[in-house]
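This report goes through one protein model, from its sheet to its helices and then to its backbone exceptions. Please keep the sequence and the coordinates open while reading.

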Amino acid sequence: MTDAITYELLHQDRRTGARRGVIHTPHGDIQTPVFMPVGTQAAVKAMRPEQVREMGAEIILSNTYHLYLRPGHELIREAGGLHRFMNWNRAILTDSGGFQVFSLGQLRKITEEGVRFQSHIDGSRHILTPEKAVEIQNALGSDIMMAFDECAPYPADREYIRDSMERTLRWLERCKAAHRNRERQSLFAIMQGGMYRDLRRECAERMVEMDFPGYAIGGLSVGEPKEQMLEILDDCVDYLPQDRPRYLMGVGTPDYLFEAVERGIDMCDCVEPTRIARHGLATTSRGRINIKNARFERDFSPLDPECDCYTCRNYSRAYIRHVFKAGEMMSAMLLSNHNLHFLINMMAGMRKAIEEDRFTEFKKEFYDKYYGTA
Ligand SMILES: CNc1nc2c(CCc3ccc(C(F)(F)F)cc3)c3[nH]c(N)nc(=O)c3cc2[nH]1
Ligand SMILES: [Zn+2]
């Protein structure tokens, strides 16, 4: 029986680990490497689905933890699934909730069974188990479901990491056993192992042994120094099979995206573009700008002169600064639109550069402009 998703490798950059591929899903193809906009509560903040689609997004992320607590996965099942409910007809990947329980839930307790926690919304008590996480994602109908894992905290000693990794692997067996409709929804495994190279290798080997249609690298972007993350990443990608997509979880600022793609990562996410929009921050080809800054008061040029998005074609920095200061929702709409467009555009540039075996040059050009070393 074929899996819901399959990966096709199109081209390997001649001088780096960067690779160009396509992920075929029941809701269309995803060109990789890809940046996935975050739609935590069944909405990409301040954006309508048509806009997200129009800028070229082919997959968005959503979340088991949030949607289970509100509005409830059974309600979404009754609505015909998450695609119907949020009017998004391309691919959806849902995280399994483990990470969010730890970053959002109060009073949580890990047991062999699963994780007990109190809702950050109303304090009600719940338990999330591997079986429950699969059931919820099945109700949501996401094309890619993530296994229920523990994203170990940073720093953590080797003893803790090994025990946590072993439990995550036992939970993975339970997720696989609970997963029925492989031809409609694919289950991705998530590699843990902290910052310990040998544990990472062992975790990867045991996950690959169980065979999944895709693999995520978890337990990173949890506060570790950048060099440490890149060191771990150097090894992790090589432990994974060539013919499956690789998803690096929680990574999404431009510099990290380049480093991840250079090492052979296919999929990335991050709440950053829409989150920073709400604080008046815009990502431009010449670095980040804070629109609140007084220097933009009479600046009638676009956010980014090199950007062709709706925001940059129609509004000035002065206007966006004004609506932001005035507390108008328009500022989140215009900044989210630009920030997402910028990252999606940047990924399109990476894909083209890989096809032409000039990823290294593309990365240098980008860095020189973005960090002003030009
Ligand atoms: C920010 N750093 C980080 N984020 C991490 C995430 C969350 C990724 C995610 C997924 C969906 C959404 C949604 F809001 F769009 F829904 C938002 C974020 C992880 N998730 C799991 N399962 N294991 C990990 O080991 C892990 C490590 C992570 N490091
Ligand atoms: Zn723009």
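The sections below take up the conventions, the sheet, the helices, one loop cysteine and the backbone.

**Conventions**

This is a predicted model, in which local features need pLDDT of at least 70 and side-chain atom pairs count only at pLDDT 80 or more, while totals for chains, interfaces and linings use all residues. Residues are numbered from 1 along each chain as its sequence is written, chains are lettered from A and ligands numbered from 1 in the order in which they are written, and side-chain values use heavy atoms, with hydrogens and water left out. Helices (H or I, at least four residues) and strands (E, at least two) are DSSP runs, numbered from the N terminus.

**The sheet**

Strands of a sheet pair through backbone hydrogen bonds, either parallel or antiparallel. Here, 8 strands make up an open sheet with parallel pairing, and their order is β4-β14-β13-β12-β11-β10-β6-β5; two strands are taken to pair if DSSP finds at least two bridges between them. At the edges stand β4 (34-36) and β5 (59-63), each of which pairs on one side only. From one strand to the next, the twist averages 25°. Within this sheet, β13 (residues 246-248) and β14 (residues 267-269) pair in the parallel sense over 2 bridges, and L248 has C268 in β14 as its bridge partner.

**Helices and their packing**

Two packed helices are described by the angle between their axes and the distance between the axes. The axes are lines fitted to C-alpha atoms, for helices over the stretch in contact, and the angles run from 0 to 180 degrees between N-to-C directions. Angles under 35 degrees count as roughly parallel, over 145 as roughly antiparallel, 65 to 115 as roughly perpendicular and the rest as oblique.

Helix α7 (residues 158-178) packs against α8 (residues 197-210) at an angle of about 10°, with the axes 11 Å apart, and the two helices are therefore roughly parallel to each other. Contact means heavy atoms within 4.5 Å; on the α7 side the contact residues are R158, I161, R162, M165, E166, L169, L172, E173 and K176, and they meet D198, L199, E202, C203, R206, M207 and M210 in α8. The residues of this contact divide into 8 nonpolar, no polar and 8 charged, where Ala, Val, Leu, Ile, Met, Phe, Trp, Tyr, Cys and Pro count as nonpolar, Asp, Glu, Lys and Arg as charged, and the others, Gly among them, as polar.

Helix α7 also packs with α6, at an angle of about 40° and with the axes 8 Å apart, so that α6 and α7 are oblique to each other. P130, E131 and V134 of α6 and W171, R174, C175 and A178 of α7 make the contact, and these residues divide into 5 nonpolar, no polar and 2 charged.

In α6 (residues 130-140), the buried residues (under 20% relative accessible area, with exposed over 50% and partly exposed in between, for a 1.4 Å probe and protein chains only) are P130, A133, V134, I136, Q137, A139 and L140. G141 follows α6 and has a positive phi, near 80°. Helix α10 (residues 254-262) has 7 of its 9 residues buried, so it is largely enclosed by the rest of the structure. Those buried in α10 are P254, D255, L257, F258, E259, A260 and V261, and just after this helix G264 takes a positive phi of about 100°.

**A loop cysteine**

C309 lies in the loop between β16 (287-290) and α12 (310-314), and with 1% relative accessibility C309 counts as buried. Leaving aside neighbours within four places in sequence, C309 is in contact with N337, H338 and H341. Between C309 and L334 there are 9.7 Å in space, C-alpha to C-alpha, and the two are 25 residues apart in sequence.

**Backbone exceptions**

Most residues other than glycine have a negative phi, and most peptide bonds are trans.

| Site | Feature | Value |
|---|---|---|
| T32 to P33 | cis peptide bond | omega near 5° |
| R70 to P71 | cis peptide bond | omega about 10° |
| A46 | positive phi, not a glycine | phi about 65° |
| D357 | positive phi, not a glycine | phi near 55° |

P33 is in the loop between β3 (28-32) and β4, whereas P71 is in the loop between α2 (64-69) and α3 (73-78). A46 is placed in the loop between β4 and α1 (49-54) and, at 37% relative accessibility, counts as partly exposed. D357, in the loop between α14 (329-355) and α15 (359-370), is buried, with a relative accessible area of 13%.
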